[in-house]
Structures are given as C-alpha cells and as structure tokens.
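I am opening a notebook on this chain. The entries follow the order in which I looked things up.

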Amino acid sequence: MAHDAGNFLLRLQQPDGDLSGSLFFAANGTMARRSNFASNVCAVLLWSELFRETGDARWLQAASKATDIILSRWLRPGAFKFCGGELD
C-alpha cells in the first residue's frame, strides 16, 4: 500500500518537485494550482521511508526535489511560517 501511495504522489509531483494542491481560478480566470506545505512534507516522509526500505533511488530523488521546494518556499528567511495550519 505504501508503494501505491508513493507512486500516486510521484505522478502528482511537478517537474520542480512541488506537489500542487487543489485547482483554483485566479482573478484573471486562468486555472492554477496552489502549493501546499503539508502535502509536500508528508510526501517527503513517505518517500524517505520507501527509500530506506527499498534502496530505490527514485524515492530519494522525489524526496530531494520536494525538500528543495519546502526550503525555498516556506523555510527561507522572510517566508510565511505555519502554526496549527494557519499563517503566522
């Protein structure tokens, strides 16, 4: 089951490593995807565990790409911080 979940998330991962959240429409009417901190972190945890268990490099690569997004969007100086799911 964990492998199925990992593969599902791999299909959702964008080329930059992000796991985009649900669809929404911007003010100009264009469709966009909102990035989600929690989904990226959960995917990193799952892929890291799958890599530990299997040694399959694709899990490590996916986790590394998602980690880069987390660091650049949410954990850099000046980025929004989250506490209990709300912007601080």
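I began with contacts, and I take a contact to mean heavy atoms within 4.5 Å. Among contacts in the chain between residues at least 6 apart in sequence, I found that 48% join residues at least 24 apart.

I noted the ground rules next. This is a predicted model, where local features need pLDDT of at least 70, side-chain atom pairs count only at pLDDT 80 or more, and totals for chains, interfaces and linings use all residues. Residues are numbered from 1 along each chain as its sequence is written, and side-chain values use heavy atoms, with hydrogens and water left out.

**Entry: the whole chain**

I looked up the secondary structure, with helices (H or I, at least four residues) and strands (E, at least two) taken as DSSP runs and numbered from the N terminus. The chain has 3 helices and 4 strands. Along the sequence I read their order as α-β-β-α-α-β-β.

I then looked up burial, where buried means under 20% relative accessible area, exposed over 50%, and partly exposed in between (1.4 Å probe, protein chains only). The chain has 88 residues, and 23% of them count as buried. The accessible surface (Shrake-Rupley method, 1.4 Å probe) comes to about 6000 Å². Carbon and sulfur atoms account for 61% of that surface.

**Entry: α2 and α3**

For helix pairs I used axes, which are lines fitted to C-alpha atoms over the stretch in contact, with angles from 0 to 180 degrees between N-to-C directions. Helix α2 covers residues 37-54 and helix α3 covers residues 57-73. Their axes come within 8 Å and cross at roughly 155°. That makes α2 roughly antiparallel to α3; the cut-offs are under 35 degrees for roughly parallel, over 145 for roughly antiparallel, 65 to 115 for roughly perpendicular, and oblique for the rest.

I recorded the crossing of α2 and α3 as left-handed, meaning that the near helix is turned anticlockwise from the far one by less than a right angle. On the α2 side of the contact I listed residues including Phe37, Val41, Val44, Trp47 and Phe51. The α3 residues that they meet include Trp59, Leu60, Ala63, Ala66 and Ile70. The residues of this contact divide into 14 nonpolar, 4 polar and no charged. Here Ala, Val, Leu, Ile, Met, Phe, Trp, Tyr, Cys and Pro count as nonpolar, Asp, Glu, Lys and Arg as charged, and the others, Gly among them, as polar.

Is alanine 63 buried or exposed? Alanine 63 lies in helix α3 and counts as buried, because its relative accessibility is 4%. Leaving aside residues up to four places away in sequence, I found that alanine 63 touches Val44, Trp47 and Ser48. I also checked glycine 17, which is 46 residues from alanine 63 in sequence and 8.2 Å away in space, C-alpha to C-alpha.

Serine 64 also lies in helix α3. At 35% relative accessibility, serine 64 counts as partly exposed. Its C-alpha atom is separated by 7.7 Å from that of valine 44, 20 residues apart along the chain.

**Entry: α1 against the other two helices**

Helix α1 covers residues 2-12, and its axis comes within 10 Å of that of α2, crossing at roughly 125°. The two are therefore oblique to each other, and the crossing is left-handed. By class, the contact of α1 with α2 has 8 nonpolar, 3 polar and no charged residues.

The axes of α1 and α3 come within 11 Å and cross at roughly 50°. That makes α1 oblique to α3. The contact is made by His3, Gly6, Asn7 and Leu10 of α1 and Arg58, Trp59 and Ala62 of α3. I sorted the residues of this contact into 3 nonpolar, 3 polar and 1 charged.
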